[in-house]
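Visitor: I am new to this one and would like to go through it step by step. Could you put it up?

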Amino acid sequence: MKKLLMVMLTLVAVFLAACGGNDENTIQFWTPLTGDDGAYMDQLVEDYNATEPEIEVKHIITSDMYTKMYTVLNSGNGIPDLSIIHADRVPSFVKQDLLEPVTEIMEAQPELNADNYIEEAWSAGEVDGTQYTIPLDIHGSAMYYNQDLLEKYDVEHWLDDNVVTFDEMLSLQGQLEEGDYVLNDALLSWVLLAQIQNLGGDIQENGEPAVNTDAMRESIEAVKELNDAGLMTPYGEDGYLMFQSGNVLFSTDGTWSSTGHAQVEDLNFGVTNIYAFEPDTFHNRSSAHLFAMLSNEERSEEKEQGIADFLEFVRENSIEWAEAGQIVASQDVIESPEYENYMQSFFTSTQEQEDSLYIYTYEHYPYVQEAMDNYVADLVHGEMDINTGLEEMQKFVEDKVAEGSLDMENTELLDEDELEEELSEE
Amino acid sequence: MKEHGKFAPLFFVGPHIILFIVFILIPSIYGIYASFTNWNLVGSPEWVGLDNYKTILANSDSTFYSQFFNGMKNTLIFVGLSVPLMIVIPLMIAVALEHKEVKFTSLFQTLIYIPGLVSISAAALIWSLIFNKQLGVVNNMFGSEQVWTATQPYAWITIIIITVWAGIGGNMIIYRAGINGVSKDLYESAEIDGAGPIRKFWNVTLPSIKFPLIYTMVMTTAGAFNVFAQPLMMTDGGPRQSTTVLMMYIRDLAFSHGESIAGVASAMAVMLGLVLLVISAIQYYIMNKNATT
């Protein structure tokens, strides 16, 4: 009986130690990659560990990762050694001093440098001249077309210059069979963010959020025109599903959807750029998965070396990641002949294509996108007046910025106050 | 033996008290504290006094003010629509199952109870396909052309249907247990006095199950105020934020993509808690009054 108790106690102790996570011999690697993406990353990590590195990597998929990051950063316990964050998080993370620069990682593995990655993905991790992340991929807007429907309506030539324009789509007004549509409204805010770039606009002015702008209005009005012409899938309907069921010419969703579309029987589809005003100015709003190290003084040099080795392995071998439908950031991978088998290689096929990938790096971009996600569907489908909507969106972002950044200002003030107090004591 | 007796109660109550303190009491107190601060979940909270409350309750220019009142209004609509249905329908089913000629009662009971065991997200996915305009059973069967989740009042109807579908089983079980506990003598004497089925329901059944009735009312109301998953999954708060309930705003403020605005979110949560507290207190007061008479 006593023996059994001892065994159980030992087991519990081992279990607790395993949960501790501060193991010197493994790199705790957090990612928000749920679903299939997580499985592909698992495979990459497994392949790396099979090379018998000194320090193995342990991949931990964490849904709600950012919330958990805040928790561990607050407590100082269980901070992961390495993690994957999205490009739009970098500016605010750096501002809050939550990220460590990757300088030493780059020194440990000299191939981890700007020349070996897609420029837009690399620079998304750069703030004020310091590099904070190493990119894994770019992922973002993509427009899928239904080849059979293009033939049916005799508009295959739209794809000749790789850019479908507003005017081209409007030319089909009144010529569609009932139940057919030219485009859907999937990921609408991303489409609009691309149009803003096409018009030379931006979402900020001197660091202040600028949502209620001419470029935004013009973008929304242009897409609304498509809707009013009866070309867009109706309000509230699942346009993504309608594309898959073969009723929609173009679906404006994400690079990763290619795997989902491929599973649909008899769906003859391909990928191209998000539609634009002119064939020579086009953008695809993108984001990126970036390797980053949360601030943690306890990260040893050996671990940093281990992280560098792992990232170098990923740089050389992330063709696996192309399976997930993402645009791999490593030049070695995208230049390899195998990569051409993947649909998303379209986006890196020429320099012009690569330049079309656009990542917003404005500090308050997440608030802007949140506002757009809340409003643009209503505006484009005419459920809400555009002027009112733009004003409310602008207000939404401004209020959030004011509330979110007050904290920082106050903390700074507090520091100064404390300093004064200390001085006066002396 | 005496020594044992002294500490024995602690061992029974202890685990619950520890769990209560760690997972309920401390977070609640910290949440209330956070509502008086500006906090982004990372830095240290900055005391701002009643500023957050002033913003959401009095500053009609603020986005957070309109979010709070829109969220509260939608939450109250949901409570007002769902709670009566979640009481009346299970009660009617429970009474119906008591009828002598109803067979397979435990089968029916199981069938009605099972939806409550299905995860609400999985259920919402199934129901959104049922209501889907092209593929859905509803539109094909009734020949309607409605986009259910994008027009009112249909958006609310879908949310209420899934809530009732998933929620009636639990209350029904409680009512059945209550009705089973009513002495058969009462029904017999009522029959001798010439009471019909309706009379028996109002004058025998209802007064006898008063306590379970009020208990379910309190619990169902509390649950309804915390509604989140159904509107998030079915309508995503639309159309035009008319089904965005307060919990959705609170979550977006605290845990969305941008920097967290946990202070305002906590203030909203405290206000929601206060409303819930007042309503529950009234319900408990009624319950106690009825229990003693």
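**Domains, cores and salt bridges**

Guide: Domain 1 of chain A and domain 2 of chain A bury about 1500 Å² between them, with 64% of that area on carbon and sulfur atoms. Keep in mind that this is a predicted model.

Visitor: Which residues of domain 1 of chain A lose the most area to domain 2 of chain A?

Guide: Those are A:Met343, A:Phe347 and A:Tyr358, which together make up 35% of what the domain 1 side buries.

Visitor: OK, then how many salt bridges does the whole structure have?

Guide: A search over all chains finds 15. One of the pairs is A:Arg299 with A:Glu100, at 3.0 Å from N to O.

Visitor: What does the pair A:Arg299 and A:Glu100 tie together?

Guide: A:Arg299 is in the loop between β13 (284-294) and α13 (301-317) of chain A, while A:Glu100 is in strand β4 (residues 99-100), so the pair ties together parts 199 residues apart in sequence. A:Arg299 counts as buried, at 7% relative accessibility.

Visitor: What about A:Lys152, which residue does its side chain meet?

Guide: The side chain of A:Lys152 meets that of A:Asp180 in a salt bridge of 2.9 Å, N to O. A:Lys152 lies in helix α7 (residues 147-152) of chain A and A:Asp180 in the loop between α8 (166-170) and β8 (181-183), so this pair joins parts that are 28 residues apart in sequence.

Visitor: Is A:Asp180 buried or exposed?

Guide: A:Asp180 is buried, with a relative accessible area of 7%. A:Lys152 is partly exposed, at 40%.

Visitor: Which residues are linked in a network of salt bridges?

Guide: A:Glu111, A:Glu312, A:Arg315 and A:Asp332 are.

Visitor: Chain B next. Which side chain does B:Arg176 meet in a salt bridge?

Guide: B:Arg176 meets B:Glu98, at 3.4 Å from N to O. The pair links helix α7 (residues 154-180) of chain B, which holds B:Arg176, with helix α3 (residues 63-98) of chain B, which holds B:Glu98; the two residues are 78 apart. B:Arg176 counts as buried at 11% relative accessibility, and B:Glu98 is partly exposed at 29%.

Visitor: Now the nonpolar side. Which residues touch the most other members of the largest nonpolar core?

Guide: Of its 110 residues, they are A:Met169, A:Leu183, A:Ile220, A:Phe250, A:Tyr275, A:Met393 and B:Met268. The largest share of this core, 11 residues, comes from α3(B). Apart from this core lies another, of 79 residues, which include A:Ile27, A:Phe29, A:Leu112 and B:Ala262.

Visitor: What is A:Tyr275 in contact with?

Guide: Leaving aside neighbours within four places in sequence, the contacts of A:Tyr275 include A:Met143, A:Phe166, A:Gln195 and A:Thr252.

Terms used
Residues are numbered from 1 along each chain as its sequence is written. Chains are lettered from A and ligands numbered from 1 in the order in which they are written. This is a predicted model: local features need pLDDT of at least 70, side-chain atom pairs count only at pLDDT 80 or more; totals for chains, interfaces and linings use all residues. Side-chain values use heavy atoms; hydrogens and water are left out. A salt bridge is a side-chain nitrogen of Lys or Arg within 4 Å of a carboxyl oxygen of Asp or Glu. Helices (H or I, at least four residues) and strands (E, at least two) are DSSP runs, numbered from the N terminus. Buried means under 20% relative accessible area, exposed over 50%, partly exposed in between (1.4 Å probe, protein chains only). A nonpolar core is a set of buried Ala, Val, Leu, Ile, Met, Phe, Trp, Tyr and Cys residues joined through side-chain atoms within 4.5 Å. Contact means heavy atoms within 4.5 Å. Buried area is the accessible area (1.4 Å probe) that two parts lose on being put together, summed over both.
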